[in-house]
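I opened the notebook to go through this structure step by step. My entries follow the order in which I looked things up.

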Amino acid sequence: MKKFKAWFTKNMVSLKLFLKERFRKVMVKLKRRPYIIPLLMLVISCLVLNLNLTSYSNTVAYINEPGMGICLFIITLCSYLMIIGFVTAFPNRQKPKIVSIILVCIMIIITIVGQAIFQYFIRYATELKSNPIKITSDQFYILSTKRNSIVHMIINAISLLLIFTIPVYGKLLKKINTKVDVEDVIIEEINLVEDDEIY
């Protein structure tokens, strides 16, 4: 029982040190490249849209309002171009490309506006039209598309806000202490060695 307790304690300490070091490395990377945070949000935004493209396509095919397909095409295209543009806007060891950042922001705004128009197409076809389309249990994908469209707009709005505030949280991240305390590491290693010798 004592051996198991010693083994468990040793492994828990090792795990704690490992997780602490991983967290420290992540924070160091974020301090050097704070633009990773909005980039992750843009990737999430792209996944939210593209993992639900089947529902979008079915909605377009069923409602079939003029311009609806083009609207979806523009939204999808911008979702990919935003990521590509944002990655190229921050080359290694060079100043950020302001033009690329502005273009990404414009594409995010286009996507948000596009989703708002897409929402209107659905509302017009199902509510405002003189002969509205009735959504049955077979057309559940229309409701799924409406929800996803709102979520996509919110994530894009957050991404835009994160891009604008890079200088703010970039400075805050730099204030976080990520230095390795050598004394603590040595003490932990000595304790582990002593535990091995005792048991």
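**Entry 1: a loop residue**

I began with Asn-64, which sits in the loop between H3 and helix H4 (68-88). The model is predicted, so I read every value as computed from it. I checked the backbone of Asn-64 and found a positive phi of about 55°, although the residue is not a glycine. I noted the background: most residues other than glycine have a negative phi. Is Asn-64 buried or exposed? Its relative accessibility is 59%, and the cut-off for exposed is over 50%, so I logged Asn-64 as exposed.

**Entry 2: the whole chain**

Next I stepped back to the overall fold. I counted eight helices and zero strands. Along the sequence the pattern reads α-α-α-α-α-α-α-α. The chain has 199 residues, and 36% of them are buried. I then looked at contacts with a separation of 6 or more: residues 24 or more positions apart account for 81% of them.

**Entry 3: helix H7**

I turned to H7, residues 166-174. Which residues of H7 are buried? I listed Ile-166, Tyr-169, Gly-170 and Leu-173. They cover an arc of only 110° around the axis, so they lie on the same side of H7. I recalled the rule behind such spacing: an α-helix has 3.6 residues a turn, so residues three or four places apart point the same way. The other side of H7 carries exposed residues: Pro-167, Val-168, Lys-171 and Leu-172.

**Entry 4: aromatic pairs**

Last, I looked for ring pairs, with centres within 6.5 Å as the cut-off. How many aromatic pairs does this rule give? The count came to five. I took one of them, Tyr-56 with Phe-118, for a closer look. I wrote down 5.4 Å centre to centre and 50° between the planes, which makes this pair tilted. Where do the two partners lie? Tyr-56 is in helix H3 (residues 53-63), and Phe-118 is in helix H5 (residues 98-128). The pair therefore ties together parts that are 62 residues apart in sequence. I checked burial too: Tyr-56 is buried, and Phe-118 is buried as well. I also found a cluster, in which ring pairs link Tyr-35, Phe-86 and Phe-90.

Methods. Residues are numbered from 1 along each chain as its sequence is written. This is a predicted model: local features need pLDDT of at least 70, side-chain atom pairs count only at pLDDT 80 or more; totals for chains, interfaces and linings use all residues. Side-chain values use heavy atoms; hydrogens and water are left out. Buried means under 20% relative accessible area, exposed over 50%, partly exposed in between (1.4 Å probe, protein chains only). Helices (H or I, at least four residues) and strands (E, at least two) are DSSP runs, numbered from the N terminus. The arc is that of the directions from the helix axis to the C-beta atoms. Rings of Phe, Tyr and Trp (its six-membered ring) pair if their centres lie within 6.5 Å; planes under 30 degrees apart count as stacked, over 60 as edge-to-face and the rest as tilted. Contact means heavy atoms within 4.5 Å.
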